[in-house]
Amino acid sequence: MCRRISSLYQFNSRITSCFKVGDVEAARKVFDEMPQKNLVTWNRVVSGYVRNEMIREVREVFDTMPSRNVVSWTAMVSGYAKCGRLEEARNLFDGIDDKNIVCCNAMVTGYIVNGRVDEARELFDAMPVKNDVSWAILLEGYFHHGMVDEAKELFDQAPVKIVSLYNAMLSGYVDMGCLEASQELFSRMCDRVVGSWTTMITCLSRAGDVESARVL
């Protein structure tokens, strides 16, 4: 039972809360009963349906939106990619006039999740601007598909290697059982955070070097 709400902000927040706990019917009821809606409202419904992998429903909402922005389009791209419908995801992506890093990262992620790493790299290379998330997505994707050499090459190409990128590389080496490579990379890290130390300890423990892990 939805509590009585009045402001647009409260309505939008309630929609998000309902979707987060999987109560799609309650979210839709709030949406349908709203006396006024804005773009944030529509985007939250789109994102909520995507979150619950309800592609037919999200398409119906998307097609009836009075206006859309890059957030709307990016949610749709992610939703279709998440369900393995990459051609439709790419068609939506190509239809975005004001593409930004977020929607590009979403499409790259879609390719990687569906095993189409070469297409992910092609899009990554075509991106006019990249951020640390862009590099980490492709890096982790290479490791996920066992492409260690490609991951190393990509890491070496990164113009700025912040600690999160080092950690992504370190985690990849750990997952692939590359002990020597992980130790060499760890020794080169100037800024280490808790995650860096934990990842290195995990790597040593998996390799059976309990003493070195304990020393760290």
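Buried residues (under 20% relative accessible area with a 1.4 Å probe, protein chains only) make up 41% of the 216 residues in this predicted chain. The model is a prediction, so to speak plainly: local features need pLDDT of at least 70, side-chain atom pairs count only at pLDDT 80 or more, and totals for chains, interfaces and linings use all residues. Residues are numbered from 1 along each chain as its sequence is written, and side-chain values use heavy atoms, with hydrogens and water left out.

Now to the fold. There are 14 helices (DSSP runs of H or I, at least four residues) and zero strands. With a radius of gyration of 21 Å, taken over C-alpha atoms, the chain is well over the 17 Å that the globule rule (2.2 Å times the number of residues to the power 0.38) gives for 216 residues, so it is more spread out than a compact globule.

| Property of the chain | Value |
|---|---|
| Box filled by C-alpha atoms, along the principal axes | roughly 65 × 40 × 25 Å |
| Accessible surface (Shrake-Rupley, 1.4 Å probe) | about 11700 Å² |
| Carbon and sulfur share of that surface | 50% |

Leaving aside residues up to four places away in sequence, L139 is in contact (heavy atoms within 4.5 Å) with A151, L154, F155, L165, A168 and M169. Of the chain's contacts between residues at least 6 apart in sequence, 50% join residues at least 24 apart.

Key:
Helix = DSSP H or I, 4+ residues; strand = E, 2+ residues; numbered from the N terminus. Buried < 20%, exposed > 50% of the residue type's maximum accessible area, 1.4 Å probe, protein only.
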